[in-house]
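Please walk through the model below, taking its aromatic pairs, its helix packing and one of its residues in turn.

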Amino acid sequence: MFRQIKRDIEAVFERDPAAKSVLEILFCYPGLHALIFHRIAHFFWRKKLLFLGRFISHIGRLLTGIEIHPGAKIGSGFFIDHGMGVVIGETAEIGDNCTLYHGVTLGGTSLKKEKRHPTLGNNVVVGAGAKLLGPFMVGDNSKIGANSVVINEVPPNSTVVGIPGKVMFKGEKKAEDKVDLNHHVLPDPQAKAFKCLVGKILEMEKEIAKLKKDSLELYE
C-alpha cells in the first residue's frame with residue numbers, strides 16, 4: 001500500500017505543473033487524500049471488515065468531497081485533479097496511470113449485485129464532468145471528453161465526445177507508456193456535420209447553376 005501511495009505522489013508531479021513539493025502534495029491535494037483513505041478502506045474491505053471499510057470511505061468523502069466506494073479496485077499512479085464531486089462506484093475498476101478530473105462519475109446501471117460499473121484500462125483520461133455509466137470497458141490510452149455521457153464500450157486508443165458519447169477518433173497504440181493530458185484537443189462532431197452540410201449545399205448550388213445555364217443555351 002505504501003508503495004502505491006508513493007507512486008500516487010509521483011503521479012501528481014508528472015501531471016500537475018502546479019505541484020511544487022511533496023509537502024504541498026501531502027497536505028493540499030484532496031485527490032491524494034481521498035486515494036489514501038481509499039487504499040486503507042479497500043484493505044479492510046478485502047479483509048471482510050465491510051463496515052470499517054465503508055466508514056473510513058465515508059470519512060474520506062466528508063473531508064475531500066470525493067466519494068470512492070471501498071470495493072472499487074484502483075491501480076497505481078492514479079491522479080484525481082481538483083476532485084470535487086468525483087464518484088467511483090463499488091464494482092468500478094481503474095488501471096494504472098489513469099487521470100480523472102472534477103465531477104466525473106463512474107456509475108452503475110443495475111440494482112443487481114453484479115458487475116455494474118465501468119472498467120478503465122491503463123493510461124485513460126476522463127475529462128471534467130464526464131459520466132461513465134454501466135459495466136463496460138474503456139480501452140487503454142483512451143480519452144473521454146468533458147461532460148460526455150458514455151454508456152457503451154470504448155476501444156483502446158480512442159477519443160470519445162458527446163451525449164451519448166461516440167467514438168470520434170481511433171489511433172494507434174502509443175510508443176511510450178505515458179498519459180496524454182491533451183484532453184482539450186477533441187474533435188467537434190457538430191462542426192463536422194455543419195461543414196458536411198455546407199459542402200452539400202455548395203454542390204447543389206453548382207448543379208442548379210449548371211442546369212440553368214444548360215436551359216438558357218437550349219432555348220437560345
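F51 and F55 both lie in helix α4, which covers residues 50-64, and because they are 4 residues apart there, about one helical turn separates them. This is a predicted model. F51 is exposed, at a relative accessible area of 66%, whereas F55, at 42%, counts as partly exposed.

A search for aromatic pairs across the whole structure returns 2. One of them, between F43 and F44, is edge-to-face: the ring centres are 5.4 Å apart and the planes make an angle of 75 degrees. F51 and F55 form an aromatic pair of the stacked kind, with 6.0 Å from centre to centre and 20 degrees between the planes. Here the label follows because planes under 30 degrees apart count as stacked.

The next topic is helix packing. Two packed helices are described by the angle between their axes and by the distance between those axes. For helix α1 (residues 2-15) and helix α3 (residues 30-46), the angle is about 165 degrees and the axes are 11 Å apart. Angles over 145 degrees count as roughly antiparallel, and α1 and α3 are therefore roughly antiparallel to each other. The crossing of α1 past α3 is right-handed. On the α1 side the contact is made by Q4, I5, D8 and I9, which meet L32, L35, I36 and R39 of α3. By residue class, this contact of α1 with α3 comprises 5 nonpolar, 1 polar and 2 charged residues.

Which residues does I25 touch, leaving aside those up to four places away in sequence? They are I9, V12, F13, A19, L32 and H33. I25 itself is found in helix α2, made up of residues 22-28. Two of the residues it touches, I9 and L32, also take part in the meeting of α1 with α3. V12 is 13 residues away from I25 in sequence, and the C-alpha atoms of the two are 7.6 Å apart in space. Is I25 buried or exposed? Its relative accessibility is 0%, so I25 counts as buried.

Technical notes:
Residues are numbered from 1 along each chain as its sequence is written. This is a predicted model: local features need pLDDT of at least 70, side-chain atom pairs count only at pLDDT 80 or more; totals for chains, interfaces and linings use all residues. Side-chain values use heavy atoms; hydrogens and water are left out. Helices (H or I, at least four residues) and strands (E, at least two) are DSSP runs, numbered from the N terminus. Buried means under 20% relative accessible area, exposed over 50%, partly exposed in between (1.4 Å probe, protein chains only). Contact means heavy atoms within 4.5 Å. Rings of Phe, Tyr and Trp (its six-membered ring) pair if their centres lie within 6.5 Å; planes under 30 degrees apart count as stacked, over 60 as edge-to-face and the rest as tilted. Axes are lines fitted to C-alpha atoms, for helices over the stretch in contact, and angles run from 0 to 180 degrees between N-to-C directions. Angles under 35 degrees count as roughly parallel, over 145 as roughly antiparallel, 65 to 115 as roughly perpendicular and the rest as oblique. A crossing is left-handed if the near helix is turned anticlockwise from the far one by less than a right angle, and right-handed if clockwise. Ala, Val, Leu, Ile, Met, Phe, Trp, Tyr, Cys and Pro count as nonpolar, Asp, Glu, Lys and Arg as charged, and the others, Gly among them, as polar.
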